[in-house]
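Welcome, and please open your viewer. We will walk through this model one selection at a time.

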Amino acid sequence: KFPGVPLLSQLPELPSLEGADPLRNPIDAFRLAIAHQLAGILNLDLQKVYDGVQVHTKGADFIATLPRFRLPGKPMEWAEKVEKEFKPDAYIETAKAQKGGFVWFTAVTNTLSQLTLSTINALSRGEYAGSKEGGSYGTNVSGVGKDLIVEFSSPNIAKPFHAGHLRSTIIGAFLANLYEANGWYVERWNYLGDWGKQFGLLAVAWGMYGDEAALKEDAVKHLYDIYVRINREAEEHPEYHDQARAFFKKMEDDDPAALALWQKFRDLSIAKYKDTYARLNVHFDVYSGESQVTKQSISEALTHIKTSDYIEKADNGAYLIDLNQYKLDKTVIERQDGTPLYITRDIGEAKQRWDTWNQKRGKGFDKMIYVIATQQNLHLAQFFKVLELMGYDWAQPEQQRLLHINFGLVKGMSTRKGTAVFLDHILDEAGENMHNVMKSNEDKYKLVAEPEKTADVLGMTAVKIQDMTGKRINDYNFDWNRMLSFEGDTGPYLQYNHTRLCSVERKVQETDGLVLSDPLDPSTLRLDLLSEPKARDLVMLLAQWPEVVRRALDDLQPSTIVQYCFKLCHSISSAWEVLLVKGQERDLALARLFAYRCARDVLSAAMRLLTLQPLQRM
Ligand code: ARG
């Protein structure tokens with residue numbers, strides 16, 4: 001039964017089944033209705049039949065694939081039996097046998113519209129199916145009780161925040177949202193490059209050309225500037241490197257003055273990163289980093305490895321592990337001077353995270369994702385392999401807890417004037433370009449409450465959509481003209497569609513005095529009037545949103561969601577000409593207005609899942 005949706009409580013009751021959630025997912029309701037009858041006709045287990053019923057795109061709404069049930073005899077004969085014995089009900093009106101043993105099903109349009117639009121409406125703003133918050137249409141509870149750490153962005157202090165960090169930020173923030181939408185408890189971690197000899201050199205640079213005001217103004221830029229400068233000058237002055245080593249030694253020995261300076265660099269850098277992340281609508285729960293791996297974690301890891309049978313000591317005294325039998329080369333885990341490496345810290349940190357998670361949450365994490373460019377594939381594979389060899393249960397591949405999510409390169413990311421080192425300059429340029437476009441339409445521009453903020457959001461949308469349109473593994477060219485265009489499948493095009501959906505309600509209120517009541521009870525609307533194919537196609541697409549969210553977990557591709565957004569926008573664009581609201585008979589106009597509102601709710605949810613901020617006006 002469908003609580004809170006009066007008309008729908010008259011629908012025949014559906015069987016309950018693990019993994020099917022008809023209260024949140026309209027497609028599940030239809031699949032259940034079909035499976036229920038099929039199970040009877042074929043004398044099969046409901047769950048088995050349910051898994052064989054899917055949404056179909058051409059010729060029918062749903063398809064049952066009978067061959068997968070391995071019934072005796074010819075699948076086609078079974079399909080014909082289904083066609084004959086299937087009784088049309090409130091959910092499904094026809095069942096048709098297809099060559100090869102498939103059956104096509106057509107949903108009852110009125111039920112499809114009512115169920116879908118009422119669910120969207122209730123979950124987007126009301127209290128329904130246990131959800132107290134608005135905006136939850138599309139989410140599910142499959143991951144409830146499971147914990148995820150997603151580590152992403154992870155720039156290096158005093159070094160450029162490059163395209164790889166930007167991609168990691170965009171993809172990682174999306175993955176965090178995606179798991180949350182699937183019911184997981186998620187923590188967002190940033191693992192900064194904030195420790196090492198370079199901090200010694202930075203301290204030397206600071207002593208010579210540090211500028212307190214410049215540091216406060218923009219720590220990321222100032223530290224980078226003095227770091228570049230000292231590296232250049234150290235070519236003539238090798239003694240700078242000795243001083244740097246001495247300073248870093250002090251840091252390692254917990255010298256308070258040395259640590260205080262380092263802490264100041266770190267804090268101010270994080271403050272600056274946070275501004276940039278805020279522009280990108282990204283936040284972190286934890287700012288971790290190489291500095292946060294304790295000496296104890298590192299020494300425990302090293303002792304553990306050194307007493308194993310897979311360790312080797314090189315002639316120069318360094319320790320390494322030969323991973324050639326796994327085609328993973330060799331990896332050094334302790335330098336000849338006894339210092340740990342990047343991989344050593346990663347090993348210590350992973351174990352440290354596992355232990356603290358156990359203390360904090362009473363169990364380990366169910367998954368930990370590292371969002372890092374493909375250039376580090378070997379590093380990640382070695383790092384995971386070493387943890388596995390160390391014998392940790394949670395690091396055994398069959399547990400699938402550790403996951404490296406990689407991505408290709410961005411080529412030619414620079415401002416139009418030249419090569420940029422700072423991400424902020426790229427983002428500024430995107431925002432400024434959008435601002436210019438907005439200003440060119442004076443009438444509209446006057447109505448935008450915060451034009452600069454809006455332009456910035458548009459620019460960020462452009463950058464992100466360009467990044468998430470292709471499969472993660474592909475490289476792409478950073479293309480200003482294409483990304484900022486309002487035509488074609490771009491970020492600005494998505495925002496344009498969203499603002500148009502927002503404005504239709506404003507406009508018909510002005511012209512026709514038409515308003516959807518608030519709170520809105522969909523059973524008072526004549527949704528049966530949504531009978532045109534365009535309306536039906538749109539509703540069917542809206543009904544599939546929860547499925548898209550669920551399936552996106554299979555391949556973890558942002559492009560799955562991006563493609564859905566574009567499909568939805570294409571469907572909406574082509575609906576405008578046919579499904580007019582203005583000047584229509586009242587019941588029809590209200591039904592269509594409601595359909596557009598639901599389309600807006602879903603487009604907004606999809607955009608937010610992608611970390612975008614849907615705009616009301618632009
Ligand atoms: N700071 C590193 C870099 O910029 C990325 C860190 C990735 N995370 C990790 N656990 N290794 O290359």
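How many helices and strands are there in the protein chain? Colour by secondary structure to find 22 helices and 14 strands; here helices (H or I, at least four residues) and strands (E, at least two) are DSSP runs, numbered from the N terminus. Please keep in mind that this is a predicted model, where local features need pLDDT of at least 70, side-chain atom pairs count only at pLDDT 80 or more, and totals for chains, interfaces and linings use all residues. Residues are numbered from 1 along each chain as its sequence is written.

**The whole chain**

Zoom out first. Along the principal axes, the C-alpha atoms fill a box of roughly 85 × 65 × 40 Å. Of the 618 residues, 42% count as buried. A residue is buried if 20 or more other C-beta atoms lie within 10 Å of its own, exposed if 12 or fewer, and partly exposed in between, with C-beta atoms placed from the backbone.

**Around the ligand**

Next, select the ligand and the residues around it: Glu151, Ser154, Asn156, Tyr191, Gly193, Asp346, Tyr370 and Ile372.

Is Ser154 buried or exposed? Ser154 is buried, with 22 other C-beta atoms within 10 Å. Its phi is near 45 degrees, a positive value in a residue other than glycine.

Now select Lys327, in the loop between strand E9 (319-322) and strand E10 (330-334). Phi of Lys327 is near 60 degrees, also positive. Lys327 counts as exposed, with 8 C-beta neighbours inside 10 Å.

**A cis peptide bond**

Move on to the loop between helix H18 (491-512) and helix H19 (533-543), where you will find Pro519. The peptide bond from Asp518 to Pro519 is cis, with omega near 0 degrees. Most residues other than glycine have a negative phi, and most peptide bonds are trans.

**The last stop**

Finally, select residues 494-618, which an unreviewed UniProt entry annotates as "domain: DALR anticodon binding". Such annotations may be inferred rather than shown by experiment. This span is 67% helix and 0% strand, and its end C-alpha atoms lie 12 Å apart.

Terms used:
A residue is near a molecule or strand if its C-beta atom, placed from the backbone, lies within 6 Å of it.
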